[in-house]
Amino acid sequence: MASRRARSPPASKRPTRPPKSKVRDAGLAPRGRLAYEWARGHMAILDATLRRLGDSAPLRGVTLGFCLHITKETSVLLMGAKELGAEVAACPGNPLTTQDDVAAFLASEGIRVYAWNDQTPQEYEWCMDQVLACRPSILTDDGADMNVKAHFDPRFSSLPVLGATEETTAGVNRIRAMERKGLLRYPVVVVNDARTKRMFDNRHGTGQSTVDGLLRAANLLVASKKVVVAGYGWVGRGVAARCRGMGAHVIVTEVDPVKALEAHMDGYGVVPMSAAAPAGDIFVTCTGMARVVRPEHIDRMKDGAVLANVGHFDVEIDVEYLLEKSESVRQVRPSLDECVLRGGKRVYLVGRGRLANLVAAEGHPPEVMAQSFSNQILSILHILENHSSMGSRTLPVPEEIDAQVARDALGALGVRTDRLTAEQKRYADSW
Ligand SMILES: NC(=O)c1ccc[n+]([C@@H]2O[C@H](COP(=O)([O-])OP(=O)(O)OC[C@H]3O[C@@H](n4cnc5c(N)ncnc54)[C@H](O)[C@@H]3O)[C@@H](O)[C@H]2O)c1
């Protein structure tokens with residue numbers, strides 16, 4: 001089975017006091033500031049949430065540990081947490097997704113940031129170690145690597161963590177697996193599952209940014225192409241809709257019969273990957289599952305097929321097999337590798353099989369991350385206020401927070417809605 005992460009260093013190597021920050025090039029800070037300002041200017045609802053809370057500095061004295069993609073949108077969340085009084089420490093949720101200018105800007109603002117693009121597995125682990133060595137009391141994770149470390153690495157497994165939030169489906173799946181085994185040692189709020197998060201971030205955010213990644217990496221015409229979307233969950237629905245919108249013939253592969261039926265009734269071709277493999281021009285995996293594109297599929301693909309993954313971990317495409325079977329591999333464009341297989345067939349791999357929308361492009365647009373990160377900030381405050389009664393289990397984002405984020409987003413968009421009348425409320429309560 002494909003492994004998600006590198007092994008931890010031995011317990012004897014106790015973490016020393018972390019440096020203030022470590023980034024690729026501190027000189028990039030002015031460019032990072034521009035990126036931050038651009039994002040903040042388009043994250044009205046997060047900005048409004050921060051302003052509303054700012055005066056009371058509700059996070060004063062609290063150390064927060066973040067393991068998130070270090071993008072311009074994330075910089076707004078981290079700066080916001082600092083404005084609310086928190087001590088902030090951050091590391092990347094993926095070795096290839098850090099925007100170095102943004103990391104430099106955050107470091108220049110006094111945030112403890114340990115992040116640079118293109119890390120080795122050891123560097124990735126080291127950055128996470130530094131964040132945990134800051135002894136955060138609340139963790140915000142994207143993919144659960146930091147929570148796994150805070151549970152099972154003996155150097156950190158007794159940290160007094162009050163609770164955590166999880167940003168993505170893949171992380172929620174891992175946290176729920178730990179919960180089923182009775183291993184969770186603090187509450188985890190599953191921000192991913194808030195309606196104002198996954199219906200927008202996973203669907204519209206990933207939908208748009210995946211097309212952006214495909215275009216930046218390959219810049220081929222999408223219209224007329226057969227695009228194979230593996231997985232018709234929130235992410236797959238978004239990717240399929242955006243590719244269809246650009247004129248692609250979209251084929252969906254699924255394992256869940258209900259999702260497969262939904263895709264079929266939404267008008268997509270639904271076939272097993274074995275049938276999609278020889279037909280597709282572009283493949284996008286969106287499942288959160290391992291080895292969805294396997295050797296038997298790669299062997300049957302057309303010359304020129306483009307492979308991209310937007311699931312959280314780089315386990316969905318058998319990249320190891322692809323590279324092993326290639327007679328030559330060369331980078332032909334930024335974030336695009338040409339793999340020439342025996343017999344001369346060329347297969348193109350986007351972003352080394354890691355999150356194509358973040359590696360080849362910039363990830364989700366700021367408007368959609370404003371919703372996700374408003375949920376994050378409000379969930380962090382919820383943990384701070386209620387951790388003692390939450391228990392060591394997964395918990396949903398409270399409905400009031402979800403509704404508040406939706407109302408804020410509608411307000412920012414200038415959209416007005418109806419409200420139930422008193423008579424309708426009575427009707428709803430009647431039998
Ligand atoms: N790239 C990004 O920016 C980004 C953003 C959000 C989520 N994600 C990640 O994308 C992945 C999917 O997230 P989601 O919210 O859509 O999850 P989801 O659970 O809503 O959907 C996943 C779908 O994949 C299907 N599936 C599982 N195994 C499959 C297989 N072998 N073949 C075909 N289909 C299969 C499941 O049945 C399900 O319908 C996760 O890894 C998540 O963490 C990435």
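Among residue classes, Ala, Val, Leu, Ile, Met, Phe, Trp, Tyr, Cys and Pro count as nonpolar, Asp, Glu, Lys and Arg as charged, and the others, Gly among them, as polar. By that division, the shell around the ligand holds 12 nonpolar, 14 polar and four charged residues. The model is predicted: local features need pLDDT of at least 70, side-chain atom pairs count only at pLDDT 80 or more, and totals for chains, interfaces and linings use all residues. Residues are numbered from 1 along each chain as its sequence is written.

The protein chain has 17 helices and 16 strands, where helices (H or I, at least four residues) and strands (E, at least two) are DSSP runs numbered from the N terminus. With a radius of gyration of 22 Å, close to the 22 Å that the globule rule gives for 431 residues, the protein chain is as compact as a globular protein of that length; the radius is taken over C-alpha atoms, and the rule is 2.2 Å times the number of residues to the power 0.38. Buried residues make up 52% of the 431 residues, a residue being buried if 20 or more other C-beta atoms, placed from the backbone, lie within 10 Å of its own.

An automatic or database domain assignment supplies the domain bounds, and the protein chain is divided into domain 1 (22-197 + 364-413) and domain 2 (203-359). The contact between them takes 13 residues from domain 1 and 15 residues from domain 2, with two residues in contact if their C-beta atoms, placed from the backbone, lie within 7 Å. On the side of domain 1 that touches domain 2, α7 and α15 (366-390) are the elements that give two or more residues, and α7 gives the most, with three residues.

The shell around the ligand likewise draws on both parts, taking at least three residues from each of domain 1 and domain 2. Of the 30 residues around the ligand, A170, G231, G233, V235 and G288 come nearest, a residue being near if its C-beta atom, placed from the backbone, lies within 6 Å of the molecule. Helices that each supply at least two residues of this shell include α7 (169-180) and α8 (195-217).

Methods. A residue is buried if 20 or more other C-beta atoms lie within 10 Å of its own, exposed if 12 or fewer, and partly exposed in between; C-beta atoms are placed from the backbone.
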